[in-house]
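Hello,

Here is the structure we talked about. My notes follow below it.

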Amino acid sequence: MKAVAVYPGKPNSIHLEELPKPSVDNVPNGRGVLVKVIRVGVDGTDKEINAAEYGAAPPGYDFMVTGHESFGRVEAVGPNVQGLAVGDYVTATVRRPGSSIYDLIGTNDMTTDATYYERGINLLHGYLAEYYVDDQEYIIKVPASLSKVGVLLEPTSIVEKAIEQAYECQRRLKVWRPTRAAVVGAGTLGLLATMALRLRGLEVTTLARTPPPTTHSQLVEALGARYQSTRELPLLQAAEKYGPFDLMVEATGASSVVFEAMEALGRDGALVMTGISGGNRALDGVAGDRILLGFVLGNKVAVGSVNANRTHFERGVLDFAMAEATYPGWLERLLTHPVQGLDNYAEMIRLLTEEHDAIKVYVEVGT
């Protein structure tokens with residue numbers, strides 16, 4: 001079968017590989033699920049892996065199949081698989097267990113191991129292939145009614161975990177009823193976070209640099225949220241005008257923005273950071289003393305959130321069903337840039353690199 005792969009550590013090495021078609025017998029104890037891949041979403045992670053910024057090949061290989069945002073259909077199941085049948089639409093989680101206690105209880109996303117295993121990212125082959133096989137533990141069924149947007153479930157799982165982390169942190173307050181939220185960044189994650197928070201009934205302000213009107217601003221406003229350009233109104237001033245913000249989700253990966261968000265956060269508020277910066281910038285002009293004072297006197301909390309586990313994918317399915325009923329067709333509008341077939345991997349990388357207005361680039365692998 002065909003697969004798109006890179007040689008980790010070698011820049012711009014993306015290429016096609018030929019691999020044997022997997023079998024349910026590759027998974028022990030009769031728990032294997034063979035999936036025919038339909039679509040794979042790609043993002044900055046895939047671009048950065050192709051640029052050799054990180055990633056490692058699985059043991060025994062000098063290459064790694066890329067792609068971690070999967071959507072497909074079950075083609076075969078092992079004899080001990082329950083709850084899944086041939087023909088079911090499915091997605092799959094990304095991280096696999098290590099050795100920490102958190103891995104042992106099914107929260108692989110919270111591992112304390114220095115070495116982690118993620119399909120298409122580190123030490124495991126990904127989903128950008130014609131087929132994959134995995135244990136049923138990592139496969140999530142997707143209703144047929146959501147088949148057009150199922151490829152968005154992996155990034156949505158990141159958002160679901162981030163929001164869950166905020167609510168878990170805020171159990172310290174005994175009673176926490178957030179009413180105003182801010183999402184910093186209007187890319188795929190920022191838009192999905194806006195959707196998830198609106199579905200929870202919060203007033204949401206989504207902040208991004210580009211002045212409206214843009215496709216992103218229109219998508220935000222279609223949810224009944226507010227879009228604000230930080231070039232027209234800086235983050236701190238936006239917090240004064242539209243806040244106080246009880247909950248903030250950062251989805252930019254810009255460290256300077258994180259410190260602004262820490263200062264803009266309201267009293268007793270929670271800031272969840274989901275972006276990652278690959279640089280080593282040291283920031284001048286950060287109001288460190290003021291930020292520290294605000295956090296201590298305001299009982300604020302900031303938490304980092306990475307990856308997701310099965311429960312977050314399942315919550316994503318529920319939110320998708322609610323979104324389709326509340327904002328019909330909104331999710332499908334995020335799928336802006338399709339790439340036809342695995343052979344067009346060069347076009348996939350070009351879109352990720354050059355099309356800065358793209359919301360979601362995805363590869364149509366099968367039918």
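How many bridges pair strand 1 and strand 4, and in which sense? Strand 1 (residues 2–6) pairs with strand 4 over two bridges, in the antiparallel sense; strands count as paired if DSSP finds at least two bridges between them. Val65 in strand 4 is the bridge partner of Ala5.

This is a predicted model, in which local features need pLDDT of at least 70 and side-chain atom pairs count only at pLDDT 80 or more, while totals for chains, interfaces and linings use all residues. Residues are numbered from 1 along each chain as its sequence is written, and side-chain values use heavy atoms, with hydrogens and water left out.

The protein chain has 10 helices and 19 strands, taken as DSSP runs numbered from the N terminus (helices: H or I, at least four residues; strands: E, at least two).

In helix 7 (residues 255–264), the buried residues are Val257, Val258, Ala261, Met262 and Ala264. Buried means under 20% relative accessible area, with a 1.4 Å probe and protein chains only. Seen down the helix axis, they fall within an arc of 165 degrees (from the directions from the axis to the C-beta atoms), so they line one face of helix 7. They pack against strand 12, helix 6, strand 15, strand 16 and helix 8.

Buried residues make up 54% of the 367 residues in the protein chain.

Regards

Note on methods:
Buried means under 20% relative accessible area, exposed over 50%, partly exposed in between (1.4 Å probe, protein chains only). Contact means heavy atoms within 4.5 Å.
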